[in-house]
Amino acid sequence: MPRKLLLLMCVVLIAAGGYFLFERSSNEPSVEQGQAMVEVVIPPLDATTKLGERLFNESCASCHGANAAGQQGVAPPLVHKIYEPGHHADGAFFLAVKQGVRAHHWPFGDMPPVEGLTQRDVERIVAYIRLLQRANGIQ
């Protein structure tokens, strides 16, 4: 291939890449660290899920955000199809609390174990998360 043609092709590819990069970044809204990752509809809570909400807020929300909506750059939303019961059964939440989780679905790094929660506490937290998921179309 002639050298001038090769050089011209490189210039065109670089220019096109720059154009698409600029277009993509200028059309996307900026996302701030800690911003909620999803919008969550909050259903009415019964006594069990209110307790689960309180426990979640005390032990989980600092990373997973208010109402399990996740936080940009911090931790994923639990109100997300990845965490639906068919993909992450309730036992996955119990293991995550007890043992932590190696990063595998999201680029947030590993989740450490959560200290100070009993089995019953985690049951209540899971009930709260599952209620939020159902209210948001995640079955």
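In this predicted model, the largest nonpolar core has 24 residues, and those with the most contacts inside it are Phe-56, Leu-78, Ile-125 and Ile-129. Helices α2, α4 and α5 each supply at least two residues of this core, and α5 gives the most to it, with seven residues.

**Overall fold**

- The secondary structure of the protein chain consists of five helices and zero strands, so that, read along the sequence, the pattern is α-α-α-α-α.
- When contacts between residues at least 6 apart in sequence are considered, 66% of them join residues at least 24 apart.

**Helix α5**

- Helix α5 covers residues 119–135, which is 17 residues, and from its first C-alpha to its last it reaches 24 Å, close to the 24 Å expected at 1.5 Å a residue.
- The buried residues of α5 include Asp-121, Val-122, Ile-125, Val-126, Tyr-128 and Ile-129, and also Arg-130, Leu-131, Leu-132 and Gln-133.
- Those buried residues of α5 pack against α2 (47–59) and α4 (90–99).
- Ile-125, one of the core residues with the most contacts, is in contact with Gly-52, Leu-55, Phe-56, Cys-60 and Leu-117, leaving aside its neighbours within four places in sequence.
- Just after α5, Gly-137 takes a positive phi of about 80°.

**Gln-133, a polar residue within α5**

- Gln-133 lies in helix α5, and it counts as buried because its relative accessibility is 0%.
- The side chain of Gln-133 reaches the backbone oxygen of Tyr-83 at 3.1 Å.
- Not counting residues up to four places away in sequence, Gln-133 touches Leu-78, Val-79 and His-80, together with Tyr-83, Glu-84, Pro-85 and Ile-138; among these, Leu-78 is also listed with the core residues that have the most contacts.

**Cysteines**

- The count of disulfides comes to zero, and Cys-60 is accordingly in no disulfide, the nearest cysteine sulfur being that of Cys-63, 8.7 Å away.
- Cys-60 is buried, with a relative accessible area of 12%, whereas Cys-63 counts as partly exposed at 37% relative accessibility.

- Asp-46 lies in the loop between α1 (3–27) and α2, and with a relative accessible area of 46% it is partly exposed.
- The side chain of Asp-46 reaches the backbone nitrogen of Thr-49 at 2.8 Å.
- Which distances separate Asp-46 and Tyr-128 in sequence and in space? Asp-46 and Tyr-128 are 82 residues apart in sequence and 9.5 Å apart in space, C-alpha to C-alpha, and Tyr-128 is one of the buried residues of α5.

Technical notes. Residues are numbered from 1 along each chain as its sequence is written. This is a predicted model: local features need pLDDT of at least 70, side-chain atom pairs count only at pLDDT 80 or more; totals for chains, interfaces and linings use all residues. Side-chain values use heavy atoms; hydrogens and water are left out. Helices (H or I, at least four residues) and strands (E, at least two) are DSSP runs, numbered from the N terminus. Contact means heavy atoms within 4.5 Å. The expected span of a helix is 1.5 Å times one less than its number of residues. Buried means under 20% relative accessible area, exposed over 50%, partly exposed in between (1.4 Å probe, protein chains only). A disulfide is a pair of cysteine sulfur atoms within 2.5 Å. A polar contact is a pair of N or O atoms within 3.5 Å; within protein, one must be able to donate a hydrogen and the other to accept it, and residues adjacent in sequence count only if both atoms are side-chain atoms. A nonpolar core is a set of buried Ala, Val, Leu, Ile, Met, Phe, Trp, Tyr and Cys residues joined through side-chain atoms within 4.5 Å.
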